[in-house]
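Dear colleague,

Please find the structure below, handed over together with some notes on what turned up in it. I would be glad if you read the notes with the coordinates open beside them.

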Amino acid sequence: MSEPPIAATRRQSIVVENDLPDPPEHVWRALTDPQLLEAWLMPNNIRAEVGARFQFRTAPAPGFSGVVECEVLEMVPHRLLVYSWRGGSKAAEGSGNELDTVVTWRLTPLDSGGTRLYLEHSGFDPDSFAYKAMSQGWKGKVNVKIPQVLGQFRK
């Protein structure tokens with residue numbers, strides 16, 4: 001059996017961190033409450049329970065069905081949430097548009113009472129359109145959209 005080419009096995013992660021003034025309990029809600037999660041990411045039916053399957057839904061695009069299939073792989077309330085992130089469409093199989101990746105959220109309490117939010121979305125082909133597009137997308141979500149949603153708790 002021959003080994004796959006090195007380029008075929010190369011995988012890349014998107015990593016984004018942000019220190020937030022909000023306590024871990026509030027940040028956790030923004031990651032796991034379906035309505036709050038929809039406010040900064042997309043419609044979903046998340047359940048923060050290991051083994052729970054859920055979906056994110058958005059408008060379809062060429063080669064993409066608009067549905068992301070997920071399963072909660074690990075979960076420690078207010079600390080860790082890990083889920084698979086699989087997307088693409090049957091029509092696009094073999095086109096390089098399929099995603100079979102993992103999203104990891106880590107919440108670390110800060111002495112200030114806030115939270116260090118760490119995101120790693122791993123398993124990308126570094127040359128893929130998805131990796132390039134989602135790298136920018138996640139930065140905006142973690143650094144702008146999540147803080148906007150969390151602002152409602154501060155009022």
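At 60% relative accessibility, Arg 53 counts as exposed. Arg 53 lies in strand β2 (residues 53–57) and Glu 71 in strand β3 (residues 67–76), so the pair ties together parts that are 18 residues apart in sequence. The two form a salt bridge, in which the closest N and O atoms are 3.4 Å apart. Please keep in mind throughout that this is a predicted model.

Four salt bridges were counted in total, and two others deserve a description. The side chains of Asp 100 and Arg 86 meet at 2.9 Å, N to O, and this pair, too, links distant parts of the chain, with Asp 100 in strand β5 (residues 99–109) and Arg 86 in strand β4 (residues 80–87), 14 residues apart. Asp 100 is exposed, with a relative accessible area of 54%, whereas Arg 86, at 39%, is partly exposed. Arg 47 forms a salt bridge with Glu 49, the closest N and O atoms being 3.5 Å apart; Arg 47 is partly exposed at a relative accessible area of 43%, and Glu 49 is likewise partly exposed at 43%.

**Overall arrangement**

The secondary structure comes to four helices and six strands, and from the N terminus on the elements run α-β-α-α-β-β-β-β-β-α. The six strands form an open, antiparallel sheet in the order β1-β6-β5-β4-β3-β2, in which β1 (12–20) and β2 are the edge strands, each pairing on one side only. Neighbouring strands of this sheet are turned by 20° against each other on average, direction ignored.

Strand β4 is mostly covered, seven of its eight residues being buried. On its other pairing, β4 and β5 run antiparallel over eight bridges, and Gly 87 has Leu 99 in β5 as its bridge partner. Strand β5 in turn pairs with strand β6 (residues 115–124), again in the antiparallel sense and over eight bridges, and here Thr 104 stands opposite Glu 120 in β6.

Helix α2 (residues 24–32) lies across β1, β3, β4, β5 and β6, running at about 160° to β5, while helix α4 (residues 129–150) lies across β1, β4, β5 and β6 and runs at about 15° to β1.

Which residues have the most contacts inside the largest nonpolar core? They are Trp 40, Phe 56, Trp 85, Trp 105 and Trp 138, in a core of 37 residues, to which α4 gives the most, with eight residues.

Leu 150 lies in helix α4 and is buried, with a relative accessible area of 0%. Leaving aside its neighbours within four places in sequence, Leu 150 is in contact with Leu 20, Asp 22, His 26, Val 27 and Ala 30. The C-alpha atoms of Leu 150 and Pro 23 are 9.8 Å apart in space, although the two residues are 127 apart in sequence.

**Totals**

Of the 155 residues, 41% count as buried. The accessible surface comes to about 8,600 Å², of which 51% belongs to carbon and sulfur atoms. Among contacts between residues at least 6 apart in sequence, 51% join residues at least 24 apart.

With best regards

Notes
Residues are numbered from 1 along each chain as its sequence is written. This is a predicted model: local features need pLDDT of at least 70, side-chain atom pairs count only at pLDDT 80 or more; totals for chains, interfaces and linings use all residues. Side-chain values use heavy atoms; hydrogens and water are left out. Buried means under 20% relative accessible area, exposed over 50%, partly exposed in between (1.4 Å probe, protein chains only). Helices (H or I, at least four residues) and strands (E, at least two) are DSSP runs, numbered from the N terminus. Two strands pair if DSSP finds at least two bridges between them. Axes are lines fitted to C-alpha atoms, for helices over the stretch in contact, and angles run from 0 to 180 degrees between N-to-C directions. Contact means heavy atoms within 4.5 Å. A nonpolar core is a set of buried Ala, Val, Leu, Ile, Met, Phe, Trp, Tyr and Cys residues joined through side-chain atoms within 4.5 Å. Accessible areas come from the Shrake-Rupley method with a 1.4 Å probe; for residues, only the protein chains shown count as cover.
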